[in-house]
Every structure is written in structure tokens, then in C-alpha cells.
Amino acid sequence: MSWFAKLEATHGVDKVNTVKRFEELVTGKPLYFHYSSQRKDETATLWVRSDAKNNSSKIFGFRLDDNVELSFVGLKKFPPFNEESMRHEFIKRLNQISDIAINAESIDSK
């Protein structure tokens with residue numbers, strides 16, 4: 001069963017359409033989608049990766065368990081997030097969104 005089929009089976013067609021719409025938006029940019037090769041369970045992830053300046057890095061991923069995973073390790077390779085203060089500001093702004101709670105210590109991890 002494909003990643004999208006699993007997502008639809010667990011969360012419905014609206015979630016699939018959201019991810020596919022995002023995929024359309026990044027097509028042709030220095031971004032691309034990549035499926036996790038290690039994860040085969042509910043944490044299986046469709047990653048958005050950056051290929052800017054041949055520096056491929058995970059940015060964030062859509063997970064089958066209906067979560068989004070940020071990779072601060074990947075983000076910190078690119079301005080302005082290469083500055084710790086900007087990663088802190090990003091977390092602060094994300095945490096203003098309801099249902100989001102990111103630990104500030106995670107700026108150097110996923």
C-alpha cells in the first residue's frame with residue numbers, strides 16, 4: 001500500500017489532498033519530496049527536502065500519524081535559520097499556533 005493510500009485510510013481524502021496540494025506548490029523549486037526509507041509504521045514520513053546549492057537536507061515531513069515533523073538539523077544549514085536566534089524565533093512563532101508545542105531545546109534536533 002502506498003504512503004498516500006495509508007494516509008487516506010487513516011485520515012481521509014482531505015489530508016491526502018492537502019499534502020498533494022503542497023507537493024504541487026514546491027514542484028519546480030529547490031525542494032523535492034522523499035519518502036522515509038527506515039520508517040514503515042505509523043511514523044512513515046513523506047519528507048520535503050531542500051536541494052539548494054547541492055546541500056540536500058530534510059526540512060519537514062508529513063507523517064502517517066497526522067503529525068508534521070520539523071528537522072531543525074536540516075533548517076540550520078540555510079539562512080536565516082543558520083542563526084540560533086532565528087531558530088528560536090521560528091519556534092516561538094510556531095508555538096503561537098493552537099495545538100503546536102515545540103520544546104525550545106529542539107533547535108538542534110528534529
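Reader: Which residues of α1 are buried, and how wide is the arc within which they fall?
Author: In this predicted model, the buried residues of α1 are Trp3, Phe4 and Leu7. Residues three or four places apart on an α-helix point the same way, because there are 3.6 residues a turn. Viewed down the axis of α1, the buried residues line one face of the helix, so they fall within an arc of 95°.

Reader: What covers the buried residues of α1?
Author: The buried residues in question are Trp3, Phe4 and Leu7. Their cover includes one helix and several strands, namely α2, β1 (31-35), β2 and β3.

Reader: Which residues make the contact of α1 with α2, and how do they divide into nonpolar, polar and charged?
Author: From α1 come Trp3, Phe4, Leu7, Glu8 and His11, and from α2 come Val13, Lys15, Val16, Val19, Lys20 and Glu23. The residues of this contact divide into 6 nonpolar, 1 polar and 4 charged.

Reader: Which residues touch the most other members of the largest nonpolar core?
Author: This core has 22 residues. At least two of its residues are supplied by each of α1 (3-11), α2 (13-26), β2 (45-50), β3 (57-63), α3 (72-75) and α4 (84-94). The residues that touch the most other members are Trp3, Val19, Phe33 and Phe62.

Reader: With which residues is tryptophan 3 in contact, leaving aside neighbours within four places in sequence?
Author: Tryptophan 3 is one of the buried residues of α1 and takes part in the contact of α1 with α2. Leaving aside neighbours within four places in sequence, its contacts are Val19, Tyr35, Ala44, Thr45, Leu46, Phe62, Arg63 and Leu64.

Reader: What is the phi of aspartate 66?
Author: Aspartate 66 lies in the loop between β3 and β4 and is partly exposed, with a relative accessible area of 37%. Most residues other than glycine have a negative phi. Aspartate 66 is not a glycine, although its phi is positive, at about 75°.

Reader: How far apart are the C-alpha atoms of asparagine 67 and threonine 45?
Author: Asparagine 67 is also found in the loop between β3 and β4, and at 39% relative accessibility it counts as partly exposed. Not counting residues up to four places away in sequence, asparagine 67 touches Gly61 and Phe62. Asparagine 67 and threonine 45 are 22 residues apart along the chain, and their C-alpha atoms are separated by 9.3 Å.

Reader: Which elements do the buried residues of α4 pack against?
Author: The buried residues of α4 are Arg87, Ile91 and Leu94. They cover an arc of only 65° around the axis, which means that they lie on the same side of α4. On the other side of α4, Lys92 and Arg93 are exposed. The buried residues of α4 pack against β4 (68-70) and α3.

Reader: Which residues does a cis peptide bond join?
Author: Most peptide bonds are trans. Proline 80, in the loop between α3 and α4, is party to a cis bond with omega of about 0°. The residues joined are proline 79 and proline 80.

Reader: What is the phi of aspartate 99?
Author: Aspartate 99 is found in the segment after α4 and counts as exposed, at 82% relative accessibility. Aspartate 99 is a residue other than glycine, yet its phi is positive, near 70°.

Terms used
Residues are numbered from 1 along each chain as its sequence is written. This is a predicted model: local features need pLDDT of at least 70, side-chain atom pairs count only at pLDDT 80 or more; totals for chains, interfaces and linings use all residues. Side-chain values use heavy atoms; hydrogens and water are left out. A nonpolar core is a set of buried Ala, Val, Leu, Ile, Met, Phe, Trp, Tyr and Cys residues joined through side-chain atoms within 4.5 Å. Buried means under 20% relative accessible area, exposed over 50%, partly exposed in between (1.4 Å probe, protein chains only). Helices (H or I, at least four residues) and strands (E, at least two) are DSSP runs, numbered from the N terminus. Contact means heavy atoms within 4.5 Å. The arc is that of the directions from the helix axis to the C-beta atoms. Ala, Val, Leu, Ile, Met, Phe, Trp, Tyr, Cys and Pro count as nonpolar, Asp, Glu, Lys and Arg as charged, and the others, Gly among them, as polar.
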